[in-house]
Amino acid sequence: MDPELLERALTHRSFAYENGGLPHNERLEFLGDSVLGVVVTETLYTRHPDLSEGRLAKLRAAVVNARALAGVAQTIGLGAHIKLGRGEESTGGREKASILSDTVEAVIGAVHLSGGIDTSAAVVHLLFDPLIEEASALGAGLDWKTSLQELTAERTLGVPEYVIRDEGPDHMKTFFAQVRVGEQLYGNGTGRSKKEAEQAAAETAYREIAAAPAPSASAG
């Protein structure tokens with residue numbers, strides 16, 4: 001592994017800017033994102049010959065979303081090694097899903113440049129095969145928004161509507177979502193995109209509604 005590439009992979013732009021414009025990890029992140037996508041996609045394609053393209057796409061999304069990547073980063077203790085600027089350091093940057101997930105991708109990019117596709121694929125399998133297995137076993141969790149819509153239809157509760165707000169500058173927005181079903185608000189989700197926040201909110205809403213007793217057929 002090229003030490004210079006690894007150092008760059010661990011350098012967040014906040015640290016780079018505070019230290020005179022050092023190289024940071026965003027280009028490596030861009031590369032690593034593609035490498036991760038290819039390896040995970042090929043793995044799902046070969047392991048699940050019976051699944052449709054739509055189902056494969058949902059499986060892939062469950063494995064490579066920011067929350068999943070941040071979980072991988074936490075598992076290997078990556079946060080402790082990231083070079084952060086003072087501002088990010090003081091606001092808990094080492095625990096932020098966005099920073100952790102981006103750094104995982106950057107490290108995969110650095111591994112790929114150092115050792116080629118065989119080496120980077122081996123690293124992806126080491127880190128992500130457990131997630132691939134987990135995602136393959138998911139039912140409702142593969143697409144929480146669709147599952148929530150099916151659940152609310154089954155219980156005649158109405159169509160879920162997502163209430164979104166965001167914080168932060170345009171290039172670093174964090175989105176917060178809740179789900180309105182009928183007159184009631186459910187769930188709480190955060191994410192780097194509206195879609196991610198909505199999926200997270202749909203998951204908590206699904207669990208809340210599924211745990212509540214279903215209305216009896218004779219009610220009303």
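Which residues have the most contacts inside the largest nonpolar core?

Analyst: The model is predicted, so please read every value here as computed from that prediction. The residues with the most contacts inside the largest nonpolar core are Leu-36, Val-40, Val-63, Val-104, Ile-108, Val-124 and Phe-128. The core as a whole has 34 residues. Five helices each supply at least two of its residues: α1 (3-9), α3 (26-47), α4 (53-64), α5 and α7 (97-136). The largest share comes from α7, with 14 residues.

Now pick one residue and look around it. Take Leu-36. Set aside its neighbours within four places in sequence. Leu-36 is then in contact with Val-64, Leu-69, Ile-108, Val-124 and Phe-128. Three of these names, Ile-108, Val-124 and Phe-128, also stand among the residues with the most contacts inside the core.

Start with α4 and α7. Their axes come within 9 Å and cross at roughly 135°. That angle makes α4 oblique to α7. The crossing of these two helices is right-handed. On the α4 side, the residues that meet α7 are Leu-59, Ala-62 and Val-63. On the α7 side, they meet Phe-128, Leu-131, Ile-132, Ala-135 and Ser-136. Find Val-63 and Phe-128 again here. Both belong to the list of residues with the most contacts in the core.

Then turn to α5 and α7. These helices pack at an angle of about 75°, with their axes 6 Å apart. They are therefore roughly perpendicular to each other. From α5, the contact is made by Ala-66, Ala-68, Leu-69, Ala-70, Val-72, Ala-73 and Gln-74. From α7, the partners are Ala-97, Leu-100, Ser-101, Val-104, Glu-105, Leu-127, Phe-128 and Leu-131.

Look at Arg-67. Arg-67 forms a salt bridge with Glu-203, and the closest N and O atoms are 3.1 Å apart. Arg-67 lies in helix α5 (residues 66-75) and Glu-203 in helix α9 (residues 194-211), so the pair ties together parts that are 136 residues apart in sequence. Check how open each partner is. Arg-67 is partly exposed, with a relative accessible area of 44%. Glu-203 counts as buried, at 16% relative accessibility.

Glu-203 has another partner. The side chains of Arg-207 and Glu-203 also meet in a salt bridge, at 3.1 Å from N to O. These two are 4 residues apart in helix α9, and that separates them by about one helical turn. Arg-207 counts as partly exposed, at 48% relative accessibility.

Other charged pairs sit elsewhere in the model. The structure holds 14 salt bridges. One of them joins Glu-18 and Arg-86, with the closest N and O atoms 3.5 Å apart. Glu-18 lies in helix α2 (residues 13-18) and Arg-86 in helix α6 (residues 86-90), so this pair ties together parts that are 68 residues apart in sequence. Glu-18 is partly exposed, at 36% relative accessible area. Arg-86 counts as exposed, at 64%. Arg-47, Asp-129 and Glu-133 are linked in a network of salt bridges.

Finally, step back to the whole chain. The protein chain has 9 helices and 3 strands. Read along the sequence, they follow the pattern α-α-α-α-α-α-α-α-β-β-β-α. Buried residues make up 39% of the 220 residues. Take the contacts with a separation of 6 or more: residues 24 or more positions apart account for 54% of them. The C-alpha trace spans about 70 × 45 × 25 Å along its principal axes.

Thr-156 lies in the loop between α8 (144-154) and β1 (161-167). Thr-156 has a positive phi of about 45°, although it is not a glycine. At 70% relative accessibility, Thr-156 counts as exposed.

Methods: Residues numbered from 1 in each chain as written. Predicted model: local features only at pLDDT ≥ 70, side-chain atom pairs only at ≥ 80, totals over all residues. Heavy atoms only, no water. Salt bridge = Lys/Arg side-chain N within 4 Å of Asp/Glu carboxyl O. Buried < 20%, exposed > 50% of the residue type's maximum accessible area, 1.4 Å probe, protein only. Core = buried A, V, L, I, M, F, W, Y, C linked by side-chain atoms within 4.5 Å. Contact = heavy atoms within 4.5 Å. Axes fitted to C-alpha atoms, helices over the stretch in contact; angles between N-to-C directions. Parallel < 35°, antiparallel > 145°, perpendicular 65-115°, else oblique. Left-handed = near helix turned anticlockwise from the far one by under 90°.
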